[in-house]
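Hi everyone, thanks for coming.

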Amino acid sequence: MNSFVDVAAMVRAWGADGGAVYLVGAGPGDPELLTLRAARLLERADVVVYDHLVGDGVLALVGARAERIYVGKERARHSVPQERINAMLVDLARAGRSVVRLKGGDPFVFGRGGEELQALAAAGVPFEVVPGITAACGVSAYAGIPLTHRDCAHSCVVVTGHLKDGSCNLDWQALARPGQTVVIYMGLSGLETICTQLAAHGLGADWPAAVVGNGTLAGQRVVAGTLGTLAARVAEAGLASPCLTIVGEVVRLREELAWFGAGAPVGRRRPAPVL
Ligand code: SAH
């Protein structure tokens with residue numbers, strides 16, 4: 001680890017022009033799930049640099065005078081290379097602007113937030129991190145699936161299925177444990193492999209699993225089943241991305257606890273928002 005701090009660059013960035021980068025988590029979709037800090041910064045920013053997972057509801061909170069720069073990435077379709085994004089953030093802050101770098105969920109959970117901060121630190125640009133509700137927490141809450149429960153899940157593991165070469169090769173033995181919930185951040189391309197491998201590594205074809213599409217948003221859809229049935233059910237339902245996969249006995253609690261969206265029993269469905 002290099003502990004060298006470029007003091008001259010820090011002074012340039014802080015003193016002369018006051019530019020800084022705020023790395024802000026936008027949460028999983030519903031703008032009501034933003035932190036107060038995030039909402040305030042969005043209102044006051046000079047520039048907002050955002051990804052494809054940041055929805056219209058959150059962008060509606062960006063102040064009218066702010067410049068908006070879309071640098072969205074989708075699997076195998078990188079619109080702006082990571083190095084260019086890093087350089088852009090440095091340049092904008094050095095020009096004295098207050099930059100919000102807005103990312104879906106939490107910037108430090110599968111969000112490359114660490115990489116961007118490393119570039120800022122190396123350039124001596126001041127920054128602040130504003131955590132957001134990560135998909136595992138927000139989406140499971142809106143799906144009525146607690147991630148832990150004293151009866152059936154004493155640990156929860158979050159993993160991403162994307163590898164750089166496009167394959168999906170996880171530590172199946174470590175994931176396939178009773179008493180554990182597994183949350184997988186990825187689209188649907190690896191779903192069949194995930195279900196087959198987890199079943200084969202000890203959980204069996206009857207182990208509960210679910211996929212949540214568009215979690216926390218008006219179009220949220222939940223498809224629940226077992227490791228043996230889930231992939232076919234999801235294909236049949238035609239879920240749209242983003243999708244989060246949750247594997248574990250906690251999935252069954254949804255039958256009692258679903259409260260949001262079309263899948264919830266009418267009597268338990270959340271009333272219209274009061275705000
Ligand atoms: N930093 C983000 C994760 C980025 S990785 C966070 O903390 O949430 C992108 C993956 O997150 C998607 O492929 C999907 O698996 C998951 N995801 C993000 N938002 C989601 C949503 N609203 N519904 C379902 N899955 C979501």
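**A walk through the model**

Let's begin with a pair of strands: strand 1 (residues 20-25) and strand 6 (residues 98-103) run parallel to each other, paired over 6 bridges. Strands count as paired if DSSP finds at least two bridges between them. Helices (H or I, at least four residues) and strands (E, at least two) are DSSP runs, numbered from the N terminus. Within that pair, Y22 sits opposite V100 of strand 6.

Before going on, a word on the source: this is a predicted model, where local features need pLDDT of at least 70 and side-chain atom pairs count only at pLDDT 80 or more, while totals for chains, interfaces and linings use all residues. Residues are numbered from 1 along each chain as its sequence is written, and side-chain values use heavy atoms, with hydrogens and water left out.

Now zoom out. The pair belongs to an open sheet of 5 strands, in the order 3-2-6-1-7, with parallel pairing. Strand 3 (67-70) and strand 7 (127-130) are at the edges with a single partner strand each, so one side of each has no neighbour in the sheet.

Which residues touch the most other members of the largest nonpolar core? They are L198, L227, L230 and V247, out of 25 residues in that core. By nonpolar core I mean a set of buried Ala, Val, Leu, Ile, Met, Phe, Trp, Tyr and Cys residues joined through side-chain atoms within 4.5 Å. Buried is under 20% relative accessible area, exposed is over 50%, and partly exposed is in between (1.4 Å probe, protein chains only). Helix 8 gives the most to this core, with 6 residues. A second, separate core has 19 residues, including V24, V48, Y50 and V100. In soluble globular proteins, nonpolar side chains tend to be buried together.

Finally, some backbone details. Most residues other than glycine have a negative phi, and most peptide bonds are trans. Here, S241 and P242 are joined by a cis peptide bond, with omega about 5°, and P242 lies in the loop between helix 9 and strand 12. F110, not a glycine, has a positive phi of about 50°. Is F110 buried or partly exposed? F110 is partly exposed, at 44% relative accessible area. T216 also is not a glycine and has a positive phi, about 75°, but T216 is buried, at 3%.
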